[in-house]
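These are comments for a colleague who will be working from the coordinates.

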Amino acid sequence: MAAAKKRTQSDIEDVRDRKAKVIKDSGEKRHIAALILARGGSKGIPLKNIKVLAGVPLIGWVLRAAVDSKQFDSVWVSTDHDDIEKVAKTWGAQVHRRSPEVSKDSSSSLDTIQEFARLNPEVDVICHIQATSPCLHPFHLKEALEMITKQGFTSVFSVVRRHHFRWQEVKKGGSVATQPLNLDPCNRPRRQDWDGELCENGSFYIYTRATIERGLQGGKWAYYEMLPEYSVDIDVDIDWPVAEQRVLRFGYFGLDKPEVVRLLLCNVSGCLTDGRVLISVSGEEMVSVNTRDTMGIRMLQREGVEVILISSSEDLLTKALADNLSQRTGCEVRQLGKDIQGEVTAMMDDKDLDWKEVAYMGNDAPDVDCLNLAGLSAVPRDAPVVAINAAKYSCHSAAGLGAVREFSEHILLLKKKAKSQMEQDRIHRNTF
């Protein structure tokens, strides 16, 4: 009797790939899931995954891209932390509460992904998206997934092209030598003459279930190249301010185009000021206004955005104080009653504006309705939770300490993005 042929790992992988192709050819739809790993015990930056980056929780950037891509049958966040779970659900994800066994500092991504796959047997393809890649866009995910669903790859990972000359330190006994790794020092190539090297950028990894069972990359694999401007990763605190500037320019802000704001309504108390009213011995009232905030208002005015300062009935400003604020800022100061939303709506009707053309900056419960309705809305860093939850942007700065300036810059940046998008659309239309 002839001896049975020994099956190699390659044979096993070929069989699995053929089975996957049979399923695909039969028309049976595979369940594709997005999975973001977000453990609560980050050592570099505490609770990094839900720390606010450019007004949005870090994990919110990738969740928004995943949901809006409309490529997934389910979107999941795997976590061991209650606060991360709340944020994940707010941004449209289901939550996989990982076990203690895969929540340790020593636990690997593979351990957690395999646990998720084992507990969700209906999932055929997993797109592991890293929360620390806030410049991910829906088109990245769509194009990469098509390599799995239409081109037959079993593993796809994101890379970025780098043009870095690399050297290696070689220790020999007590001496240290240095040798080149990817260049000839006597014949250094020009950038335009060198294709560079492909480096994993950690944005996402896509695998079929069969691939996950044996590791994170295997079978028929391929890379998906992302441009450098989208390749942002955050590991330590020093990365944060750099990432924030990058995401404001290259991040994905949602399906809708950035709003073009024509009017900013800003609460005086708790936004332009820190909420305190100082009273002198003679009975005069005084407030403190930060010059950075007044400069932010002037920046908006120069770009054609009208700014109106508002004061609620609970926080009455004296006429003299309102006049002084108006003169210093160049803004109208309006006293609103208890029905803030009704009066703001009437104001918009007079100016023939829609909510999407209005930005609103508030600081407490009476502002919630307007914060929800406005095309852009913001609160200072020290606002109560009820206001923070309603706002679309949470400032890093506190009330009276640059929050208005920060929101003004955010509005102007989105105006630039909208203008750039319109110019790009015009180019595309003229091309065809």
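1. The lining of the largest pocket is made up of 23 nonpolar, 10 polar and 10 charged residues, where Ala, Val, Leu, Ile, Met, Phe, Trp, Tyr, Cys and Pro are counted as nonpolar, Asp, Glu, Lys and Arg as charged, and the others, Gly among them, as polar. The model is a predicted one, in which local features need pLDDT of at least 70 and side-chain atom pairs count only at pLDDT 80 or more, while totals for chains, interfaces and linings use all residues. Residues are numbered from 1 along each chain as its sequence is written, and side-chain values use heavy atoms, with hydrogens and water left out.

2. This pocket holds about 1,300 Å³ of space, and of its 43 lining residues Gly 55, Val 56, Trp 91, Ala 391 and Lys 392 are the closest to its centre. On a 1 Å grid over the protein atoms alone, a pocket is an open set of points where a 1.4 Å probe fits, with protein on both sides within 12 Å along at least five of seven lines, and lining residues have an atom within 4 Å of a point. Among the elements that each supply at least two lining residues are helix H2 (58-69), helix H3 (82-90) and helix H14 (403-431); helices are DSSP runs (H or I) of at least four residues, numbered from the N terminus.

3. Because 11 of its 12 residues are buried, H2 is largely enclosed by the rest of the structure; buried means under 20% relative accessible area, with a 1.4 Å probe and protein chains only. The buried residues of H2 include Arg 64 and Asp 68, and the helix is followed by Lys 70, whose phi is positive, near 55°.

4. Which cysteine sulfur is closest to that of Cys 271? It belongs to Cys 266, at 5.0 Å, which is too far for a bond, and the count of disulfides (pairs of cysteine sulfur atoms within 2.5 Å) comes to zero. Cys 395 is likewise in no disulfide, the nearest cysteine sulfur, that of Cys 271, being 8.3 Å away. Cys 271 is buried, with a relative accessible area of 0%, and Cys 395 is buried at 4%.

Technical notes. Points joined across faces, edges and corners; volume = space filled by probe spheres on them. Buried < 20%, exposed > 50% of the residue type's maximum accessible area, 1.4 Å probe, protein only.
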